[in-house]
Structure formats: C-alpha cells, structure tokens
Amino acid sequence: MRRTKIWRVIMNQVAFPPRVRRRFHPIASRNTSHHKIANEPMVNTVIIGAGPYGLSIAAYFRRHGIPFRIFGRPMDSWTKHMPKGMALKSDGFSCNLYDPNDDFTLKHFCGERGIEYSDAGIPVLLETFASYGMAFQQKMVPDLDERIVVGVERSSGGFTVTLEDGEVITAQRVVLAVGITHFEYVPESLASLPAEFVSHSFRHHDLESFRGRSVAVIGGGASAIDLVGLLRDVDADVQLVARKPSLQFHEKAPANGSKSWWQRIRHPQSGLGTGLQLRFFAEAPVCFHYLPERLRLETVRTSLGPSGGWFAKDKVVGRVPLVLGCTTERAEVRDGRVHLHLRCLDGGERKIVTDHVIAATGYRVNLNRLTFLSSEIQKGLKTVEDTPVLSSSFESSVRGLYFAGVAAANSFGPVLRFAYGAGFAARNLTQTMLKATSGDHVAVPVSSVVQPANERTRTI
Ligand SMILES: Cc1cc2nc3c(=O)[nH]c(=O)nc-3n(C[C@H](O)[C@H](O)[C@H](O)COP(=O)(O)OP(=O)(O)OC[C@H]3O[C@@H](n4cnc5c(N)ncnc54)[C@H](O)[C@@H]3O)c2cc1C
C-alpha cells in the first residue's frame, strides 16, 4: 500500500513517456491481472459515486445490513462543478438525501446550524446543500472510501473493481451512481475550439478568474442563467446566447396554506414542481417504467425543459445582454479572441467576439463515456439512445450491474435527473438486494423489457 502511494507520487510528478507510465502506473494500466487482488472476501455490492444517489443508497443499505463498499469523493459535483453563489431550483423539501427513517433531512441540518429554511419559497443555496450532503455522509455513510474507481471488469461470480491506487477488489454486484460527471455535452460548433477558449459549465466553481474578462455563455437553461448572473457579480463583461427567442423562469411555489382544497387537488405540489403530470413523474417512477418505450423517451426529452429559478430573473433580465433566438453556426479563434458566427431565427447573421466561451449546454448520458467499464461490459450493455435499458430493479442487461441517477431517467422518468429521485432509487435497490441475498427473484428481467439489438433506436 505504502509502495503504491510512493509510486503514485513519483508517476504524478515525473513526465515519463506514455509507454513507461502505462507499464508501471497503477492507474494508467487497466490490466487488472498485474494488480494485487485484495485478500478479502468478495464484497456483496460496490457503489460507485458519492453524490445524493450513491450516499442515499449507501445509507439505506447500511440500515438494512446489506454488506457494501462505496467509493468516490463526497458531493463532488456540488462542491467543485457548480458555480459558487448559485441557488438550487428545487424547493427545500425536495433537496434531501435519504435514509430509511428520514433522520437527517435538509430541514434538520438547517435547524441544527441556524440556517434559514422553508419547505418552499426560500431558495436553497448551493453552499448549504453541499455542506448538508457532506454532513449526511459523515453521519450516515462514515465508511465512505474516497478513492476513484478506474476499472470495472466481469469476473467469475461478479466483478473486479480497480481503484485509483491499483488496489483491486471483487464484488457480486456493482451500482453505478456516477451522476452527471462523465456526460458534459458541448455542441459540435464549439467543440473544435482550443481548450483555453472554450469550457463546459461543469468546469467552473469559483468565477473570480473571469473578473474583468469578456465571456459569452451559450445556453438557455438554469446553468446558463445562473452563470451569467454570477459572472456579472464578478464584473465580467458577460453576455448570454440562447437558441430560444425568450428565457423561461420557473414559478415560485405558493405556500400550501394559500391554496383552496380544489386547487391543491387540481394543481398538486410535488418534488418536481406543481401539476398533476409532475406529481405522477415524482411519485410513480415504477408506473413510468411500464409505459411504452417511445412514450418514455419522448416524455423525458420534452418535460421540464430549460428554465431558470424564479429568484434568478432579477439577476439577469435588464442586467446582462441577452442574444436570444440565435444558434452558433461556427466558431474560430483570430488574434487571440473567439469569433462566434450566429444564425438567428429571423434568418439574419450575427457575430460576437469574446475572450472565452462557456458552453452551459447541459449533459447527455452516453455509456461510451464510462471508459472505466471494460469493453466486455460495454458490449453486453443493451442501450437505447446511448442510455442503459434497465429492469424494474435498475439492473442492466449485464447481470449484477445497476445504474441509478440521470443514467436511469429513460427508464424511470424525469425524477431520476433530480436529487428527489434518490429516495425511490435507494428504496428500490434495497428491496432488490435484500431479495437477491435471500434467493428470491423479484425484478422483471431485462430480457423482457429490451428490444432486440437491431431494433434499437440510437438517435441523439
Ligand atoms: C447547475 C446545476 C444545477 C442543478 N440544480 C439541481 C436542483 O436544484 N435540484 C436537483 O435535484 N438537481 C439539480 N441538478 C441535478 C443534479 O446534478 C442531480 O440532482 C444530482 O447531482 C444527482 O445526484 P447523483 O448522485 O446522481 O450525481 P452527482 O451529484 O453528479 O454525483 C456523482 C458522484 O459520482 C462520483 N464519481 C463519478 N465517477 C466516479 C468513479 N469512477 N469513481 C468514484 N466516484 C465517481 C463523482 O465524483 C460524484 O461525486 C443540477 C445540476 C446542475 C449541473
């Protein structure tokens, strides 16, 4: 272990040629046959990822006595990959991590720390949610192992999981809860710009480096809207470019007491927002799973489209130049600056010259991006639109490999894109693991829910 650490330091500091690195570096070499397999019995379940989903699943497993190990840096997406100062669009009551007894909700946390909290109407600050997630981890999942997983391969009776320092462990089952981390999407028109001129919004937490610089943010959703407001706060010369002719902002949820009983039935509140449809998505993901595939895909694609939080409007409208109804056709660097060539809805052309472009253009699940999965696993995964086809218990077509979070949205609906869906995922996976370990068979097997490979839709 000590030797591996010393090697890691040497390999990270010295610029060895790639061939040498591959031969000796425990991370670069993915061939697990070189690694020492830990002299431990096979783990029942390995959870990869320590965001709201991974931590909630782990808290449930722990309480139910399901043996597991969990890997990943806690709340990494929230502490490093969202802009400092941002507030969450979700209402307070839907910003929880989950344990079976609801012992440690955001409300409890805020109460303990004297932080202002309301179920709805007071925006939850990023810093509050991230600190809550870290406190949840320490309380409910103290045995988190922060090492990153760099390899998952099939082995007899399960999987071998390789960690960043080269240690290899074996597990019967693997739950992938890797969230948005591998799925940044940058449109083709920007992708060819050199890295110093374009970045994805995922790359930004502290915006100070943009003080006094000129920046164009591409996108019309919450990420783009939050970013331009916050960049303005650090005196960046920022403008927003969006395809849609107007920006949408979601409405502030009215206090429940202010609604009549009929309004409450007709327009119920839910963890995803107000309305019967959103209530269905939020509370009935299992029913969603049984809808025809085409309807599921269409619904996930079209519901809860891009919009900013109600509180972000004043920070942006009238404060930041908005170039709406325009799409970037191409981009190039000339004299050290980016030239964006836009095509607008009225057919006209526009040009923007700026120092840097931030693509706040969202995330697209694409399993090919999970390069730590072996090619054998990749080949065995049945997919639709590059996302995994899952059984009613989150199991993929590779037996024993489960997906939770945004990668499961095409199976269980839009709620899986939000922290609110972590409770459902944790409950469902716990039941599955309990039944699997007691020998019962519960889930609808994947073979009965997938189409044959040649009939698969692969659009995006
Ligand atoms: C700007 C922005 C605003 C958002 N606002 C909201 C909101 O208001 N409400 C809401 O519910 N959702 C919001 N979301 C969506 C949010 O990303 C998800 O709700 C949430 O992150 C889902 O949790 P997760 O655990 O699936 O994923 P993540 O939080 O992304 O966690 C995944 C974890 O997996 C780890 N990981 C990845 N690969 C490995 C590996 N190989 N080994 C070990 N660990 C690994 C990562 O380090 C990370 O910690 C927002 C997203 C963005 C980008």
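The legends below describe close-up views of a predicted model. Local features need pLDDT of at least 70 and side-chain atom pairs count only at pLDDT 80 or more, while totals for chains, interfaces and linings use all residues. Residue numbers start from 1 along each chain as its sequence is written.

**View 1. The shell around the ligand.** Around the ligand are 30 residues, of which Gly49, Gly51, Gly72, Gly179 and Gly405 come nearest; a residue is near a molecule if its C-beta atom, placed from the backbone, lies within 6 Å of it. Two or more residues each come from α3 (52-63), α4 (76-80) and α8 (222-233). Helix α3 gives the largest share, three residues. Helices (H or I, at least four residues) and strands (E, at least two) are DSSP runs, numbered from the N terminus.

**View 2. The open five-stranded sheet.** The strand order is β6-β15-β7-β8-β11, with parallel pairing; two strands pair if DSSP finds at least two bridges between them. At the edges, β6 (198-200) and β11 (322-324) each pair on one side only.

**View 3. Strands β7 and β15.** Four bridges join β7 (residues 214-218) and β15 (residues 356-359) in the parallel sense. Opposite Ile218 stands Ala359 of β15.

**View 4. The hairpin of β13 and β14.** Strands β13 (residues 337-344) and β14 (residues 349-354) run antiparallel and are joined by six bridges. Leu340 has Ile352 in β14 as its bridge partner. Four residues lie between the strands of this hairpin, where Gly347 takes a positive phi near 90°.
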